[in-house]
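Thanks for coming, everyone. Please bring the structure up on your screens, and we will walk through it together.

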Amino acid sequence: MADSYSKKENIKKKEKKREEKRLQREERKTNNNKGKSLEEMIAYVDINGNLTDVPPHLQNREEDLLSRQENPNEVVDPAKLYTGIVNSLNEKGFGFITEEKTNDSIFFHQSQLKQEVKKYDKVTYKKEVSEKGFRAIEINKK
């Protein structure tokens, strides 16, 4: 007895699916990502928070800190005064100032205060580069 038209169509569809699956298997085999070494799979985070393949001990942190400024060619001018608002201050004497122009948080220690400040006080200060970022020095209340 002969197959009906719909049976022939179903058989063709099944053959077509088998062929597609076979092609997909071959594609996966050729583009296999397995077998990479551990070093090729590891990603590191730089000081700016971006992913990189350079290990932390080989990264140039000073250059990265300078690139975080508005103008990468500009070096922090020790004589320039910045303004900001004290947004946190703890009992140990550490705190952060939010810079008015860039909204960056600048770390400070109470030893750099010229006058006593409280939270939300407007202050003027100078910046210096430290190993962990910028640090406010010579802080005066406005």
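Start with Glu-99, which is buried, at a relative accessible area of 3%. Buried means under 20% relative accessible area, exposed means over 50%, and partly exposed is in between, with a 1.4 Å probe and protein chains only.

A word on the source. This is a predicted model, where local features need pLDDT of at least 70, side-chain atom pairs count only at pLDDT 80 or more, and totals for chains, interfaces and linings use all residues. Residues are numbered from 1 along each chain as its sequence is written, and side-chain values use heavy atoms, with hydrogens and water left out.

Back to Glu-99. Which residue does Glu-99 form a salt bridge with? The partner is Lys-127, with the closest N and O atoms 3.2 Å apart. A salt bridge here is a side-chain nitrogen of Lys or Arg within 4 Å of a carboxyl oxygen of Asp or Glu. Glu-99 lies in strand S4 and Lys-127 in strand S6, so this pair ties together parts that are 28 residues apart in sequence. Strands are DSSP runs of E, at least two residues; helices are runs of H or I, at least four; both are numbered from the N terminus.

Is Lys-127 buried or exposed? Lys-127 is buried, at a relative accessible area of 7%. The charged end of Lys-127 also sits over the ring of Tyr-82, 4.6 Å from its centre. The ring of Phe-134 has that charged end over it too, 4.6 Å from the ring centre. The cut-off for this: NZ of Lys or CZ of Arg is within 6 Å of the ring centre and within 35 degrees of the ring normal.

**Rings**

Now the aromatic pairs. How many does a search of the whole structure find? The search finds 3. Rings of Phe, Tyr and Trp (its six-membered ring) pair if their centres lie within 6.5 Å; planes under 30 degrees apart are stacked, over 60 edge-to-face, and the rest tilted.

Tyr-82 and Tyr-125 are stacked, at 6.0 Å centre to centre and 25° between the planes. Tyr-82 is in strand S3 (residues 82-89) and Tyr-125 in strand S6, so the pair ties together parts 43 residues apart in sequence. Both tyrosines, Tyr-82 and Tyr-125, are buried.

Phe-96 and Phe-107 have ring centres 5.7 Å apart and planes at 70°, so that pair is edge-to-face. Ring pairs also bring in Phe-94, giving a cluster of Phe-94, Phe-96 and Phe-107. Phe-96 is partly exposed, at 37% relative accessibility. Phe-107 is partly exposed as well, at 27%.

One more stop in strand S6 (residues 122-130): Thr-124. Thr-124 counts as buried, at 15% relative accessibility. Leaving out residues up to four places away in sequence, Thr-124 touches several residues, among them Tyr-82, Thr-83 and Glu-138. Touching means heavy atoms within 4.5 Å.

**Helix H1**

Last topic: salt bridges again. The whole structure has 8 of them. In helix H1 (residues 5-30), Glu-19 and Arg-22 are 3 residues apart, about one helical turn. Their side chains meet in a salt bridge at 2.3 Å, N to O. Glu-26 bridges to Arg-22 too, with the closest N and O atoms 2.4 Å apart. Glu-19 is partly exposed at 36%, Arg-22 at 32% and Glu-26 at 39%.
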